[in-house]
Amino acid sequence: MSSREVRSIGVAGWGRTLGAAVISLIYFFPVLFIILAAFKTRADVLAWPIKFVFTPTLSNFVSVFFRVAVEGGQAEATGFGLYFFNSLFIGGSSVLLALIIGTSAAYGFSRFPLRGNDTYLFMILTTRMMPPIIAIIPIFVLFNIFGLSGTYVGIIALYTAFNLPFSIWMVKSFFDDLDRDIEDAARMDGSSEWRVFRKVCLPQIYAGLAATFVFAIILTWNEFVFALLLTGTQTRTVPVQIVRAIGGAMGADWGLLSALETLFIIPVVLVTFALQNQLLRGVTFGTIRR
Amino acid sequence: MDLAVSDLRKRFGAVEALQGITLEVQSGEFFAILGPSGAGKTTLLRTIAGIERPDGGRVMLGGRNVADVPVRDRNTAMVFQTFALYPHLSTFDNLAYPLREARVPAAEVKRRVGEVAEMLRLTHTLARKPATLSGGEQQRCAIGRALVRRPQLLLLDEPLTNLDAKLRHDTRAEFKRLHRELGSTTIVYATPDQLEALSMGSRVGVLRQGRIVQVDAPATLYTKPDDAFVASLVGDPPINLVPGTLHEDGGGRRIELDFMGLDAQPWRKALAAFSAGTRLRVGLRPQAIWPAAGETQGAGFGARVFLTEPLGDVTILDVMAHGDTRLRMVLPQEQAWQIAVDDTIECAVDVDQICLFAEESGVALHRDRAETAG
């Protein structure tokens, strides 16, 4: 028995745990600040030094949905519900579409390589190498010609196209890491090629698909430039609305903005939280030899 | 179902994995394919199974050319070296998979999976995923998945390689039992381990660089290898291969080794085509050398012991014979205990167990029949 306590590997001491907590807090602080500000009155938001203890109010959240244009007048809806729905609907369906198309493509690239397979893959990736802003003018023109501006179809198609390269590459890497013997075993066990894909390959990469879904949904959820130019009043997404809310006759209403952002963060947090186990497995996929 | 393979060829880029393999396996036979890694064992099995398309040659199953028969209709099952269990499915679902793909009714699936699980002692693991099974259980699950369909041909690709030594021993016996119980199922068993091949196969085909070198019963492979490669592959510890030269003197021909001489008479016919001075390779089984009690009956030599490996029942001795020839011998413990490193011992050799090979080609020069009898 040694007098010095020996800590087993894999258990962090109190000191390190505390250190990690402090660092996490520093990184989390901006988010925390926004969430706190969402519950503050206009005066509290602007108070210096920053108030951590205050009387919370829900007025900011109310004004996210209802706005009083004239003092004492009728409250009118801000349309935030619609924008929120738009963000969910446009983001969700474009990411799902990209995932479905991307998974099919990835399986094809991985298992049935074409002549010049790598060239195709590289070209697919090049579409993501330039800043989106460069593509905006031709896309804007195209959208006007085909009447896609301000439509769901237009923006969903665009987001799908933008999520595809990333989805193909990521999902392909998951397929590449699978043990081919397992597929051969399935063939010997009587599976058709379709069932090898559907019953054997796909279930093995569910974690990877979840990870891809989360990364793509975060990118799409936060997308601003295309949404600003290509959505109309009916298809506007939350990021556009947030920016519109910054202006105003009385200067920026930080409380209102914070409330908007707090609400905006929730779906992503929920999705990530729900998929966190899958996500961890997904990003570490194939790094450990089984 | 009997299996016949003729002139089977398969190429992967620059590598010719199978270079014209011809084999016949009888229905119900336990046929072992022995070869070092990279010899083409796996490719051969995969081509028979239909996972790989051959570049040339034929595979006949039950007398039928299966070139155009899809994998799933070949009535063949395979156990992969990696086991290749479906990681997302429980043991039950793994075992049930082939049956479900064949649209066997659920009740029947349940019954047959139960049967196989019972036979392979997997019943307690049915609800668990492969990752939580032990190595032995994973392997039995892989075998069970292959057997559940009652295939007529069972291909086993190094099924014991990923198991520990104790488990390997038990499983060897298990395979023999299984083969007996299955009756008519033909088994082709690929392994790099001579012990597995010899102990289980009723016949063994030795594969070297995509070619079959010899097909024989295990005992024949050991006593009459067709070439030096087979000789060195079969037997443990491996055979001693030492250089020798054919000599001519007045009385007859002799084979001179660095440390002893041999009468060439038993190989008279085989050596007839060779002239004096021809270089040969002489194979001495470690089991065919022992310390001479007194006289050495014609073949013997003196040697210095430089390494002993006691294994409990036997001891492996590494000795240095005259002319710096390193030789291995195996002795029962009771003969070995008094021998120590650096001792000089007299050794006797059992001439009947000596194998002779041509220097260049390694082809065996078999002794003449009449003389061996005498």
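Modeller: The largest nonpolar core has 132 residues, a core being a set of buried Ala, Val, Leu, Ile, Met, Phe, Trp, Tyr and Cys residues joined through C-beta atoms within 7 Å. Buried means that 20 or more other C-beta atoms, placed from the backbone, lie within 10 Å of the residue's own. B:Ile48 and B:Tyr189 are among those with the most contacts inside this core. This is a predicted model: local features need pLDDT of at least 70, side-chain atom pairs count only at pLDDT 80 or more, and totals for chains, interfaces and linings use all residues. Residues are numbered from 1 along each chain as written, and chains are lettered from A and ligands numbered from 1 in written order.

Colleague: Which helix gives the most to this core?

Modeller: Helix α10 (residues 206-221) of chain A, with eight residues; helices are DSSP runs of H or I, at least four residues, and strands are runs of E, at least two, numbered from the N terminus.

Colleague: What does B:Ile48 touch?

Modeller: Leaving out residues up to four places away in sequence, B:Ile48 touches B:Leu3, B:Val5, B:Val59, B:Leu155 and B:Val188. Contact means C-beta atoms, placed from the backbone, within 7 Å.

Colleague: Switching to the interface: how many residues of chain A are in contact with chain B?

Modeller: 13 residues of chain A, against 16 residues of chain B. On the chain A side, α8(A) gives the most, six residues.

Colleague: And the sheet in chain B, what's the strand order?

Modeller: β13-β12-β11-β14-β20, open and antiparallel; strands pair if DSSP finds at least two bridges between them. The edge strands are β13 (261-263) and β20 (355-358) of chain B.

Terms used. Two residues are in contact if their C-beta atoms, placed from the backbone, lie within 7 Å. A residue is buried if 20 or more other C-beta atoms lie within 10 Å of its own, exposed if 12 or fewer, and partly exposed in between; C-beta atoms are placed from the backbone.
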